[in-house]
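Biologist: I would like to learn to read a model like this one, feature by feature. Where do we start?

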Amino acid sequence: ELFQLLDYLYQCMGIPIATHDAAKSIKLVLNTCSAKLKSSLIENQSNIKGSPIIQRLVMIMDSGLDIGNVEDTLLITEGCTRFVMKLKPAGLVSDTICLIARPAYARLEHMTQQLSNTPLNMVDDSMVAIVVSTLKVIKQIFKFCDGVNDEKVAVSELLNTSWPVLINVTNVPLLRQNEDIMSSLLSVFGQLMKSQSEIINPHIPQLMSLIVSVFDESFHPNVLNCVAIATEIYGNTNSETEQSFRQLLSRLYHAVKAKVLNVGGPKNCSHLAGSFFELIRRYLLYSPGSLFSDDLTSILAFAVEVIVESAGERESTRAALLFLSQFINCKSLNMSEVIAKELKTSGGLIDMFLVQHGENLLKFCIAGLSGSSPQLLWPIIADCTFAIVLRLTESSNSFDDNVARKWTWVALSEANSSERLSDEISHLVLKVLFGLIISKGHRSKPMVKMLLTDFAKICKGEIGTDALLTYAI
């Protein structure tokens, strides 16, 4: 009866009005009735290809590639993959997952070959769409290749089969230069690193070399996202790996900086700048030893440049501010004692950065809260403001006691974006801000962020100045 039901749903896949419901139902049947369906497969282990359930899964996967809606195809893929990963023993899982994945790899191989021999002017959007959707299916298969103890055996075999096919996509110039295709391919690699980090580990040197060469040609921001995933997973493995990631970062930084200059500033390539500083933040959190190099001072200055010149553009400004806030706070997951000391010591890297850029950065933050930046950036601007002022007040050996107050007052005085910002409001904000930070230190962060948010709302006219009086009680 279950086979008859799957056959019926398979036929419904070809009816446009019923496709989505059929896809959801196939996934549901495979997940909820897996025990009954598995029994027929276990009885035919000597002839897996001839098993009724495997024949149907391969048929469903093959037809699923043609239904036109990739979201429905992904539902079917999830259902089939989850079902297979529940099988035992490992050898059965390995053989079966390769069988159900074969339609996708065959499709990708065929399209790669076809497009490698097709003139550029003969390529239409439908061909690109087929490659993109097929790569999404492959990503979905790897995403759900989990849930059993012996999954590594199965996934290793699948990866051995798929790796040459995936790499071959990058060998076709037309595919390599298409942003949608490369974004989808990089997403597959990212998924492999996140869910199958041990299995793909031997391929990481080749993968990093490949995607950096792609970046040199195209400056795809998704390349940086892929490197960020690699940094999080592999960046703190050992000293040799740390050195490799340090060299990788140096190459990427100089390439990004040159690109930003060539296009006339960060506001003209905000997605690239945002992806770069998200990468730098991952370095800080997961591989700080790779970040602390001869390029760090320049990277910090570049972050301030991006913030100031992006004119409040959300993506790049947010990424750069988030990185600098965590840098000033000395927040890292894998920081050695040597690096921590070098950062935190009075007169260390954090204080040197603030001496050079702290006042201008604080002016930007206060101006942003008073009206020059969009409301979506207020939380991260408040974070950065708190980080700067807290560090200035704590580093008494590096800064005069009055430096923090002086910089903040100047920033408030120059923040003339709002007609509602009077000297009275500025004095009250200054008094409450330093009262909270001096009395409570790090624990004052929630209250300080509330204060700065209310300050921004007053400047915008959303609330009255009375809101500040509650902080003075």
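This is a predicted model: local features need pLDDT of at least 70, side-chain atom pairs count only at pLDDT 80 or more; totals for chains, interfaces and linings use all residues.

Biologist: Let us step back to the whole chain. How many helices and strands does the secondary structure come to?

Modeller: There are 25 helices and zero strands. The C-alpha atoms fill a box of roughly 80 × 50 × 45 Å along the principal axes. Of the 473 residues, 54% are buried.

Biologist: Of the contacts between residues at least 6 apart in sequence, what share joins residues at least 24 apart?

Modeller: That share is 71%.

Biologist: Take a single residue. Is Ile 138 buried or exposed?

Modeller: Compare its relative accessible area with the cut-off: buried means under 20%. Ile 138 has 0%, so it is buried. It sits in helix H7, residues 125–143. Beyond four places in sequence, Ile 138 contacts Ala 104, Tyr 105, Leu 108, Leu 166 and Val 188.

Biologist: Where does Thr 385 lie?

Modeller: Thr 385 belongs to helix H21, residues 378–394. Its relative accessibility is 1%, so Thr 385 counts as buried. Setting aside neighbours within four places, its contacts are Leu 362, Cys 365, Ile 366, Leu 369 and Leu 452.

Biologist: What about a charged side chain? Why does Arg 56 count as buried?

Modeller: Use the cut-off again: buried is under 20%. Arg 56 has 18% relative accessibility, so it counts as buried. Then look for a polar partner. The side chain of Arg 56 makes a polar contact with the side chain of Asp 7, at 2.9 Å. Arg 56 is in helix H4, residues 52–64. Not counting residues up to four places away, Arg 56 touches Phe 3 and Leu 6 as well as Asp 7.

Biologist: Next, helix packing. At what angle do H20 and H22 pack?

Modeller: Read the angle and the axis distance together. Helix H20 (residues 349–372) and helix H22 (residues 403–414) pack at about 40°, with axes 8 Å apart. H20 and H22 are therefore oblique to each other. Their crossing is right-handed. On H20 the contact involves Leu 354, Gly 358, Glu 359, Leu 362, Lys 363 and Ile 366. On H22 it involves Trp 407, Thr 408, Val 410, Ala 411, Leu 412 and Glu 414.

Biologist: One backbone check to finish. What is the phi of Phe 219?

Modeller: Look for positive values at residues other than glycine. Phe 219 has a positive phi of about 55°, although it is not a glycine. Phe 219 lies in the loop between helix H12 (204–218) and helix H13 (221–234).

How values were computed:
Residues are numbered from 1 along each chain as its sequence is written. Side-chain values use heavy atoms; hydrogens and water are left out. Helices (H or I, at least four residues) and strands (E, at least two) are DSSP runs, numbered from the N terminus. Buried means under 20% relative accessible area, exposed over 50%, partly exposed in between (1.4 Å probe, protein chains only). A polar contact is a pair of N or O atoms within 3.5 Å; within protein, one must be able to donate a hydrogen and the other to accept it, and residues adjacent in sequence count only if both atoms are side-chain atoms. Contact means heavy atoms within 4.5 Å. Axes are lines fitted to C-alpha atoms, for helices over the stretch in contact, and angles run from 0 to 180 degrees between N-to-C directions. Angles under 35 degrees count as roughly parallel, over 145 as roughly antiparallel, 65 to 115 as roughly perpendicular and the rest as oblique. A crossing is left-handed if the near helix is turned anticlockwise from the far one by less than a right angle, and right-handed if clockwise.
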